[in-house]
Amino acid sequence: MSGINFGERIRLVRKNAECSQKEFCALLDIPQSTLSAYETDRMQPTIATLVKIAEKFNVSVDWLCGIEKSVSTFGTLGETLSAVYDLAEIEGLKIDFTINDHLPNDMETADNRWFVSMTIYGNDADNPCNSDFCNGIRQISDNISDLESYSISKEMYEAEKERMKGYYSLPVTKKDIPELSREERQKKHIEWVKQHLNDE
């Protein structure tokens, strides 16, 4: 298991949910002594309990078990783009997308090229994950630059990737997007349009 062990992962999930051991146990319908054994690696949960933790606290079973996904999970461009959806759905992380595809006469120039960009503002008080995400991206950029300029070996580069997984080990949760009726969506859409017109 890379970075942190199973018990620490369970504890991180509980702490991130701001639950006491008693509250966490009540949600999972398990005795407190069992949770204590999980958190100290004296016992491991059943598959059913793992699934329950994953569902209730929006973490993956893979993450709980320390199964690290390799780059090969992005087998197609579509799977890679799906990961962008996953990023956009993280609670506490705000991504601003910019699409520049309105080119004069549909022609690129040196000053006006077709591009897309994703911007994440590090000092966004409403989205607490932004700061750590920006710091992590800066480290990734530095590591890639060091690798491409031959300042570090491939082995050191891979070690930095592993170290980052352990450093940024708090689980993230998915945004809660409520299921709304057509009328509720229309009402919220009108509110959204009015708010964004006022912002401009």
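# Exercises with Worked Solutions

Glu39 lies in helix H3 (residues 32-39); helices (H or I, at least four residues) and strands (E, at least two) are DSSP runs, numbered from the N terminus. The model is predicted, so that local features require pLDDT of at least 70 and side-chain atom pairs pLDDT 80 or more, while totals for chains, interfaces and linings use all residues. Residues are numbered from 1 along each chain as its sequence is written, and side-chain values use heavy atoms, without hydrogens and water.

**Exercise 1. Is Glu39 buried or exposed, and with which residues is Glu39 in contact, leaving aside its neighbours within four places in sequence?**

Step 1. The classes must be stated: buried means under 20% relative accessible area, exposed over 50%, and partly exposed in between (1.4 Å probe, protein chains only).

Step 2. The relative accessibility of Glu39 is 6%, and Glu39 therefore counts as buried.

Step 3. Contact means heavy atoms within 4.5 Å. Once neighbours within four places in sequence are set aside, Glu39 touches Gly7, Glu8, Ile10, Arg11, Arg14 and Gln21.

**Exercise 2. Determine which residues of helix H1 are buried and name elements that cover them.**

Step 1. Helix H1 comprises residues 6-16, and its buried residues are Phe6, Gly7, Arg9, Ile10, Leu12, Val13 and Arg14.

Step 2. The cover over these buried residues includes H2, H3, H4 and helix H5 (61-65).

Step 3. Just after H1, the residue Glu18 has a positive phi of about 55°.

**Exercise 3. Describe the secondary structure of the protein and explain why the protein is more spread out than a compact globule.**

Step 1. The protein contains nine helices and two strands. Along the sequence, these elements give the pattern α-α-α-α-α-α-β-β-α-α-α.

Step 2. Along the principal axes, the C-alpha atoms fill a box of roughly 70 × 55 × 35 Å.

Step 3. Of the 200 residues, 22% count as buried. Among contacts with a separation of 6 or more, 54% are made by residues 24 or more positions apart.

**Exercise 4. How many aromatic pairs does a search of the whole structure find, and how are the rings arranged?**

Step 1. A pair of aromatic rings is described by the distance of the centres and the angle of the planes. Rings of Phe, Tyr and Trp (its six-membered ring) pair if their centres lie within 6.5 Å; planes under 30 degrees apart count as stacked, over 60 as edge-to-face and the rest as tilted.

Step 2. The search finds two aromatic pairs. In one of them, the ring centres of Phe24 and Phe57 are 4.8 Å apart and the planes stand at 25°, so this pair is stacked.

Step 3. This pair links distant parts of the chain, for Phe24 belongs to helix H2 (residues 21-28) and Phe57 to helix H4 (residues 47-57), 33 residues apart. Both Phe24 and Phe57 are buried.

Step 4. The rings of Tyr167 and Tyr168 have centres 4.8 Å apart and planes at 85°, so this pair is edge-to-face. Tyr167 is exposed at 58% relative accessibility, whereas Tyr168 is partly exposed at 25%.

**Exercise 5. Locate Asn105 and Tyr150, and state the phi of Asn105 and of Tyr150.**

Step 1. Most residues other than glycine have a negative phi.

Step 2. Asn105 lies in the loop between strand E1 (96-100) and strand E2 (115-119). The phi of Asn105 is positive, near 55°, and the residue is exposed with a relative accessible area of 73%.

Step 3. Tyr150 lies in the loop between helix H7 (129-148) and helix H8 (154-167). The phi of Tyr150 is positive, about 65°, and Tyr150 is exposed with a relative accessible area of 75%.

**Exercise 6. State the spatial separation of Lys165 and His196, and that of Met156 and Asp146.**

Step 1. Lys165 is in helix H8 and is partly exposed, with a relative accessible area of 35%. Lys165 and His196 are 31 residues apart in sequence and 37 Å apart in space, C-alpha to C-alpha.

Step 2. Met156 is also in helix H8 and is partly exposed at 46% relative accessibility. Met156 and Asp146 are 10 residues apart along the chain, and their C-alpha atoms are separated by 9.9 Å.

Note on methods
Rg over C-alpha atoms; globule rule 2.2 N^0.38 Å.
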